[in-house]
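Here are my notes on the model you sent. They take the ligand first, then the annotated positions, then one further residue.

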Amino acid sequence: MVEASGATRPKRWVVGITGASGAIYGIRLIEELLQANYLVHVVVTEAGWRVLKEELGWDTSRRQAALEHRFGEAVTAGRLVFHPNADIGASIASGSFQVEGMAIVPCSMGSLASMARGISDDLLTRAADVMLKEGRKLIIVPRETPLHAIHLENMLTLARLGVRIIPAMPAFYYKPQSMDEMINFLVGKVLDSMSIEHQLFRRWGDDLT
Ligand SMILES: Cc1cc2nc3c(=O)[nH]c(=O)nc-3n(C[C@H](O)[C@H](O)[C@H](O)COP(=O)(O)O)c2cc1C
């Protein structure tokens, strides 16, 4: 994208992290986007912070500091922009702010329900609603089990609006040897949906001519 000054700036993706299990997927996705030179806008729900603490042992008492601890220079250099979820006036709440799209990784059943019904009462669900109204890419990684009919209906509603739904379901055909390989597979599937090249997993048929 060319700015008024003539300089080009990196393209932007929004990453949302909600209070579903699998916070590591969202964190790894942010790392991959930064490595691919995207500017990443991040919003985490209250429950998302709770899961970061429970699952990854993050000290979430100082949130900006927690992100700096994990992503270092990317935060201080402004390549990762953190938005409080209560800040409904943030850049990403407006359709006039240009982004490639948004990925919500992982996505709780609560946030899923809000999105399916157009309830935009926090920044995360507002930013997702903006993606829908502007016809931009919206990718979600829902995580819950078992699923009841309301969960499934909400996913169907979003799928019909063009939302890419990538459930947090591991595959075994590529014979993962570690948790990292299983995480990379899911993150790689999200990057595929973003049309971003990666080497996170071995593709079926790649070893065949
Ligand atoms: C450790 C932990 C794990 C959770 N895992 C899930 C989950 O996998 N899926 C889900 O829908 N909710 C899960 N929840 C419950 C949600 O966090 C809760 O419904 C919350 O209100 C969702 O809010 P949010 O959509 O604003 O993040 C979990 C909660 C905790 C504390």
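Which residues are around the ligand?

1. The model is a predicted one. In it, the residues around the ligand are Thr 18, Gly 19, Ala 20, Ser 21, Thr 45, Ala 47, Val 51, Ser 108, Met 109, Ser 111, Arg 143 and Glu 144. By class, this shell divides into six polar, four nonpolar and two charged residues.

2. Ser 111 places a polar side-chain atom 2.6 Å from an oxygen atom of the ligand. Ser 21 uses its backbone instead: an N or O atom there lies 3.0 Å from a ligand oxygen. Glu 144 has a polar side-chain atom 3.3 Å from a nitrogen atom of the ligand.

3. How much of the ligand's accessible area does the protein cover? On its own, the ligand has 650 Å² of accessible area, and the protein covers 64% of that. Helix H2 (46–56) and helix H5 (109–116) are the elements that give two or more residues to the shell.

4. Now the record. An unreviewed UniProt entry lists Tyr 173 and Lys 189 under "binding site".

5. Tyr 173 sits in the loop between strand S6 (164–165) and helix H8 (179–193). Beyond its neighbours within four places in sequence, Tyr 173 is in contact with Phe 185 and Trp 204.

6. Lys 189 belongs to helix H8. Its relative accessibility is 35%, so Lys 189 also counts as partly exposed. With residues up to four places away in sequence set aside, Lys 189 touches Ile 166 and Phe 201.

7. Last, His 83, in strand S3 (residues 80–84). Its relative accessible area is 7%. That is under the 20% cut-off, so His 83 is buried. Which side chain does the side chain of His 83 meet in a polar contact? The partner is His 41, at 2.8 Å. Apart from neighbours within four places in sequence, the contacts of His 83 include Val 42, Val 43, Val 44, Ala 90, Ser 91, Ile 92 and Leu 123.

Definitions and conventions
Residues are numbered from 1 along each chain as its sequence is written. This is a predicted model: local features need pLDDT of at least 70, side-chain atom pairs count only at pLDDT 80 or more; totals for chains, interfaces and linings use all residues. Side-chain values use heavy atoms; hydrogens and water are left out. A residue is near a molecule or strand if one of its heavy atoms lies within 4 Å of it. A polar contact is a pair of N or O atoms within 3.5 Å; within protein, one must be able to donate a hydrogen and the other to accept it, and residues adjacent in sequence count only if both atoms are side-chain atoms. Accessible areas come from the Shrake-Rupley method with a 1.4 Å probe; for residues, only the protein chains shown count as cover. Helices (H or I, at least four residues) and strands (E, at least two) are DSSP runs, numbered from the N terminus. Ala, Val, Leu, Ile, Met, Phe, Trp, Tyr, Cys and Pro count as nonpolar, Asp, Glu, Lys and Arg as charged, and the others, Gly among them, as polar. UniProt positions are given in the numbering used here, feature names are shortened, and annotations may be inferred rather than shown by experiment. Contact means heavy atoms within 4.5 Å. Buried means under 20% relative accessible area, exposed over 50%, partly exposed in between (1.4 Å probe, protein chains only).
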